[in-house]
Every structure is written in C-alpha cells, then in structure tokens.
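Reader: I have a new model on my screen and would like to learn how to read it. Could you walk me through it, feature by feature?

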Amino acid sequence: TNMSHRLYNEQWHSTQLGLRDLLEWEMPKQPPKPEKMVHSQKRRTIRLVLDSTIGRLLELKEELVKLAILEYQYYDDFMADMKLVPSDLEIPIPKYFTSENAKVLKEREKLLGTVLAKMGPQGSSDVRNPGGACLC
C-alpha cells in the first residue's frame, strides 16, 4: 500500500503541475491592454467586458461594506492561503478612462484644491490614487 500511495502522490503532483502550466498558458498574468490592440472590434468588446467587470467588482465591494458594516474588509487569511500580496488585489484604472475623462478629472481636481485651500492645512494626506482602486 505504501508503494501505491507514493505512485498516486506522484501522479497527483504531476497532474497539478500540468494543470498549473495549462492555466498559466491560457490566462497570462498580464492580460492584453485594450489600447494596444490592433483590431477595433476586439478593442470595443474587451472594453465593454472590462467596464462591466470593474463595475460589478465595485458593486460587490459595496455589498460587502453593507453586509459587514465596515468600510474595509480584511483579507489577511485569504491572501495568505492564496499566497497573494495586497497589490495582487489592486484594480488598475484603465488608461482610456483617464485619457477620455481628463477634462472632468482636471475640473474635479481644481474643485478639490479650492475646497482644501478654503479648509486650510489639515495634515499631509494625499487624496489622489494614481495607481488604482483597491478592493481591500
């Protein structure tokens, strides 16, 4: 029986490695960026899917906040189990969003600057998030 356990463990291990390789091949860590795609139809489809996915993630985040009555969720155990770091959960803001909404974002930044100037110095907290929205 010890030999059969060893054989099954080796088969299990090789199958897991094969599945991991297949998953990495099918789902690369860096997905293609919509603005770098040549085909306009694919770009529109990817953009629609990306917008829908980010919107759904934000809806789920809102539901989690309502259910837990906490602004932040603590994923320490989950991240340790999955061997993730906090930056793995960060959702980068797509470049097309910032470039297409540059005028609106500048107006908001100007308005925020005006409000903060009227309030006076309160501390050195930076309110901008250039990297992305975090689900944490």
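Author: Gladly! Helices here are DSSP runs of H or I with at least four residues, strands are runs of E with at least two, and both are numbered from the N terminus. This is a predicted model, in which local features need pLDDT of at least 70 and side-chain atom pairs count only at pLDDT 80 or more, while totals for chains, interfaces and linings use all residues. Residues are numbered from 1 along each chain as its sequence is written, and side-chain values use heavy atoms, with hydrogens and water left out.

Reader: How do I read the chain as a whole?

Author: Begin with the order of elements. The chain has five helices and two strands, running α-α-α-β-α-α-β from the N terminus. Of its 136 residues, 9% are buried. Among contacts between residues at least 6 apart in sequence, 60% join residues at least 24 apart. The chain exposes about 12,400 Å², with carbon and sulfur atoms supplying 60% of that area; accessible areas come from the Shrake-Rupley method with a 1.4 Å probe, and for residues only the protein chains shown count as cover.

Reader: Where is confidence highest and where is it lowest?

Author: Look at pLDDT, the predictor's confidence in each residue, from 0 to 100. The chain averages 75, and 72% of the residues score at least 70. Confidence is highest in H5, at a mean of 89, and lowest in strand S2 (residues 132-134), at 50. Where pLDDT is low, the predicted coordinates should not be read in detail.

Reader: What does the length of helix H5 tell me?

Author: The expected span of a helix is 1.5 Å times one less than its number of residues. Helix H5 covers residues 102-119, so its 18 residues should span 26 Å, and the end C-alpha atoms are 25 Å apart, which agrees. After H5 comes Gly-120, with a positive phi near 85°.

Reader: Which residues form the nonpolar patch on the surface?

Author: Patches are made of residues with over 30% relative accessible area and no salt bridge; nonpolar side chains (Val, Leu, Ile, Met, Phe, Trp, Tyr) are joined within 5 Å, and like charges within 9 Å. Here Leu-111, Leu-112, Val-115, Leu-116 and Met-119 form such a patch, with about 440 Å² of accessible area together. One of them, Leu-116, lies in helix H5 and is partly exposed, because its relative accessible area is 40%.

Reader: How many salt bridges are there?

Author: Side chains of opposite charge can pair when their charged atoms come close. The rule used is a side-chain nitrogen of Lys or Arg within 4 Å of a carboxyl oxygen of Asp or Glu, and the count comes to four. One of them joins Asp-51 and Arg-47, at 4.0 Å from N to O. These two are four residues apart in helix H2 (residues 40-68), so about one helical turn separates them. Asp-51 is partly exposed at 39%, and Arg-47 is partly exposed at 29%.

Reader: What about the phi of Lys-83?

Author: Most residues other than glycine have a negative phi, and most peptide bonds are trans. Lys-83, though not a glycine, has a positive phi near 55°. Lys-83 sits in the loop between helix H3 (76-82) and strand S1 (90-92), and is exposed, with a relative accessible area of 76%.

Terms used. Buried means under 20% relative accessible area, exposed over 50%, partly exposed in between (1.4 Å probe, protein chains only). Contact means heavy atoms within 4.5 Å.
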